[in-house]
Amino acid sequence: MIIVDRALQARAEAGNPVRVGMIGAGFMGRGIANQIANSVPGMELVAIFNRNLDGAKRAYTEAGITDVRVVTTVADLEAAIAQGQYAVTDDAMLLCQAEGIDALIEVTGTIEFGAQVVLEAIAHHKHVILMNAELDGTIGPILKVYADREGVILSACDGDQPGVQMNLYRFVKSIGLTPLLCGNIKGLQDPYRNPTTQEGFAKRWGQKAHMVTSFADGSKISFEQAIVANATGMKVAKRGMLGYDYTGHVDEMTHMYDVDQLKELGGIVDYVVGTKPGPGVFVFGTHDDPKQQHYLNLYKLGEGPLYSFYTPYHLCHFEVPLSVARAVLFQDPVMTPLGGPVVDVVTTAKIDLKVGETLDGIGFYMTYGQCENSDVTQAQNLLPMGLAEGCRLKRDVPKDQVLTYDDVELPEGRLSDKLRAEQNAYFGVAAKVPAAV
């Protein structure tokens, strides 16, 4: 999307920057703030929410901005924006409701809180860019319905692996091939990792141990591939994906997949471990025209029937502002659900779970997430990973068994449960979800 740079330059020259608010100021949020402030002409990060105000101030300070204003009301925030002042607040709803903000970047990784923020932002006609695959993979389809009703964009972001895959998928389709596999390259996959085992790595890079754990135990990549599936209509070949270990180059893996099976499934999402170039993403596509097959062979892509395309990096926060520009200036979402869910992330016991225990969150000690086709999820009444935290166990569940709604009592009054039920109903899914207690 090179055209984005010229469009932003025009906004800069006109003195009319795209005005952005950011929800969350953790490790990734600080990177986004620095990127917008110092490398994106034509865009301004006018306000940051963080539960801890010092965290919001830190994001601005690390970006070289020291003069910030603490706001506590919508009027305060609107005045700050009008006066060209940068604002921080511990009330996320102010950013959702205030005039003068074109789009929000949601960077919390939360589901219940994230759902509240997204609905409020949509209700006030703001585009929302999600750096939150967990929310998107749990209730993204119904949130997209709300966004469509209000005429705004709800989208995943460039830079993170799902968005990079989607850009590559669009490219492969645009040159006439049929994508049959969207893949993610990992360095490690161990479902039994936990915050204790990952503490050292997290400290080294200044990240939270549970977030790092979600990368290692497969939960994060499951959410990432689920939202790619929901945006492309692809499925998984089996619960948990195929997940081949292969130490060679991804180009060499085309022979490891059955083209007829991929076509029958309508394409699949998957991941590989230890493959070069990592970390990166790949798309395998096919072409039925023998004349074009000849050209593809000439261009060093081999004889087929699968052809490999890859991006050898993902640059996360560096590219997120481009997603905002695409939404605001071109109404072009990076990635959004096609309709109802195609693949879900289901809750799986990381340890032997005991009746009466309350489940902890994504990337902690008790559960990990696996991809499963949504028709199976519904037929077996499986518990979405994004809704597992806070559920109380009604029975013992052995290690590595997937959890069902029948295994748990839901917390009372959660918006995310309401939206999940609404999603099931809207898309005609006859889920046997119990009422919250």
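Good morning, colleagues. The model before you is predicted: local features need pLDDT of at least 70, side-chain atom pairs count only at pLDDT 80 or more, and totals for chains, interfaces and linings use all residues. Residues are numbered from 1 along each chain as its sequence is written, and side-chain values use heavy atoms, with hydrogens and water left out.

Helices (H or I, at least four residues) and strands (E, at least two) are DSSP runs, numbered from the N terminus. Helix α11 covers residues 219-232, 14 residues in total, and spans 20 Å from its first C-alpha to its last. That is close to the 20 Å expected at 1.5 Å a residue, where the expected span is 1.5 Å times one less than the number of residues. Of its 14 residues, 14 are buried; buried means under 20% relative accessible area, exposed over 50%, and partly exposed in between, with a 1.4 Å probe and protein chains only.

I turn now to the sheet. Seven strands form an open sheet with parallel pairing, in the order β3-β4-β2-β1-β5-β6-β7. Strands β3 (68-70) and β7 (154-156) stand at the edges with a single partner strand each, so one side of each has no neighbour in the sheet. Two strands pair if DSSP finds at least two bridges between them. From one strand to the next, the twist averages 25°. Strand β3 pairs with β4 (residues 86-89) in the parallel sense over 3 bridges, and Arg69 has Ala87 in β4 as its bridge partner.

Two helices accompany these strands. Helix α4 (residues 74-82) packs on the sheet, touching β1 (18-23), β2, β3 and β4, and its direction makes about 165° with that of β3. Helix α3 (residues 53-62) lies across β2 (43-49), β3 and β4, at about 155° to β4. Contact means heavy atoms within 4.5 Å; axes are lines fitted to C-alpha atoms, for helices over the stretch in contact, and angles run from 0 to 180 degrees between N-to-C directions.

Finally, some backbone details in loops. A cis peptide bond joins Gly278 to Pro279, with omega about -5°; Pro279 lies between β10 (268-273) and β11 (281-286). Another cis bond links Gly304 and Pro305, with omega about 5°. Cys316, not a glycine, has a positive phi of about 35°, and Cys316 is buried at 13% relative accessible area.
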